[in-house]
Amino acid sequence: MKVILIGPPGAGKGTQAARAAEAIGVPRVSSGDLFRDHLRRDTELGRLARSYMERGVLVPDDVTIMMVMGWVTDREGEGGFLLDGFPRTPGQAEALDEAMVEQGGIDRAVNIKVSREVLVRRLAGRLICRNCQTSYHKEFAPPRNEDECDLCGGELYQRDDDRPEAVVKRIQVYLDETAPLVEFYRRSGILREVDGEGAVERVGDAIMDALNGRAGRRELP
Ligand code: AP5
């Protein structure tokens, strides 16, 4: 099964991606995590991405498509995939479509809907593990010990782009550049929408309901 998770920054894509991917038995990736890995390793791509990510704007399509589609190609034969945060522009959606033509296209696009007010609260309190990337929230999902990951003991940190000014920019970029994709996938018949404001488990159950049953093949734009 080939699934994409769409939603504004802080919608809960990362929180839900692991559980959903495990449940349907496919590998998953977050384009943001791939970029942050390049940042940590100080690669050429990481240095390029940093200047965009710090401002809360999208990294250009050419490098993003090359990076994510490389990951997808490496996982051919693994029964599908779940993509968190890709595609985010019409150009990325077209590149993914073209690459998937011979494999029957994408099966499901799940849009996680959350109000702006909740997004801002979530991002302001988010903490991430430097080691295993598990996400916590100071208020909604606190770690057992302050500043320490429950799973691996790694140090918790706040992302640079969770600063208030970057969050405002990221939400606007989502509305301008990514939200139109929701309509695109709705027209193609594979879109399912989920209320992302309930408890984590409830949102997870709604995503699993959305993934149950396979969508028909959709037509290319
Ligand atoms: P990326 O890392 O993808 O960030 P994002 O899309 O802005 O999404 P986030 O990771 O901020 O939020 P999320 O939806 O995963 O929420 P989470 O589960 O953590 O991208 C970062 C940057 O990389 C971009 O700005 C861009 O520069 C670049 N980039 C990435 N992909 C790109 C692409 N395709 N093209 C171009 N550039 C790209 O949850 C947030 C918080 O809420 C957490 O603290 C969590 O614990 C909490 N929470 C989650 N669910 C719930 C719940 N149900 N109830 C209460 N709390 C909850």
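A charge sits over a ring if NZ of Lys or CZ of Arg is within 6 Å of the ring centre and within 35 degrees of the ring normal. Arg-130 gives us a case of this: its charged end sits over the ring of Tyr-157, 4.4 Å from the centre.

Some ground rules before going on. This is a predicted model, in which local features need pLDDT of at least 70 and side-chain atom pairs count only at pLDDT 80 or more, while totals for chains, interfaces and linings use all residues. Residues are numbered from 1 along each chain as its sequence is written, and side-chain values use heavy atoms, with hydrogens and water left out.

**Around the ligand**

Now to the ligand. It has 36 residues around it, and the closest are Thr-15, Val-57, Arg-88, Arg-126 and Arg-170; a residue counts as near if one of its heavy atoms lies within 4 Å. By type, that shell splits into 15 nonpolar, 13 polar and 8 charged residues. Here Ala, Val, Leu, Ile, Met, Phe, Trp, Tyr, Cys and Pro count as nonpolar, Asp, Glu, Lys and Arg as charged, and the others, Gly among them, as polar.

Which elements each supply at least two residues of the shell? They are α1 (13-24), α2 (31-41), α6 (116-124), β6 (135-137) and α8 (200-211). Helix α2 gives the most, with 4 residues. Helices (H or I, at least four residues) and strands (E, at least two) are DSSP runs, numbered from the N terminus.

| Residue | Atom on the protein | Atom on the ligand | Distance |
|---|---|---|---|
| Ala-11 | backbone N or O | oxygen | 3.2 Å |
| Arg-170 | polar side-chain atom | oxygen | 2.6 Å |
| Gly-198 | backbone N or O | nitrogen | 2.9 Å |

Taken alone the ligand exposes 1,000 Å², and the protein buries 95% of that. Accessible areas come from the Shrake-Rupley method with a 1.4 Å probe; for residues, only the protein chains shown count as cover.

**One aromatic pair**

How many aromatic pairs does a search of the whole structure find? It turns up 1. For the cut-offs: rings of Phe, Tyr and Trp (its six-membered ring) pair if their centres lie within 6.5 Å, and planes under 30 degrees apart count as stacked, over 60 as edge-to-face and the rest as tilted.

Buried means under 20% relative accessible area, exposed over 50%, and partly exposed in between (1.4 Å probe, protein chains only).

A few loops hold backbone geometry to check. The peptide bond from Phe-86 to Pro-87 is cis, with omega near 0 degrees. Pro-87 belongs to the loop between β3 (81-84) and α5 (90-100).

Gln-133 isn't a glycine, yet its phi is positive at about 70 degrees. You'll find Gln-133 in the loop between β5 (126-129) and β6, and it counts as partly exposed at 21% relative accessibility. Asp-147, also a residue other than glycine, has a positive phi near 65 degrees. The loop between β6 and β7 (156-157) is where Asp-147 lies, and at 43% relative accessibility this residue is partly exposed.

Gly-154 is in the loop between β6 and β7 as well, but it is buried at 12% relative accessibility. Between Gly-154 and Ile-128 there are 9.3 Å, C-alpha to C-alpha, with 26 residues separating them in sequence.

**Two longer spans**

Pro-90 lies in helix α5 and is partly exposed, with a relative accessible area of 47%. From Pro-90 to Asp-209 is 119 residues in sequence and 27 Å in space, C-alpha to C-alpha. Arg-116 is part of helix α6 and partly exposed too, at 43% relative accessibility. Its C-alpha atom is 20 Å from that of Ile-207, which is 91 residues away along the chain.

Key: Polar contact = N/O pair within 3.5 Å; in protein donor to acceptor, adjacent residues only side chain to side chain.
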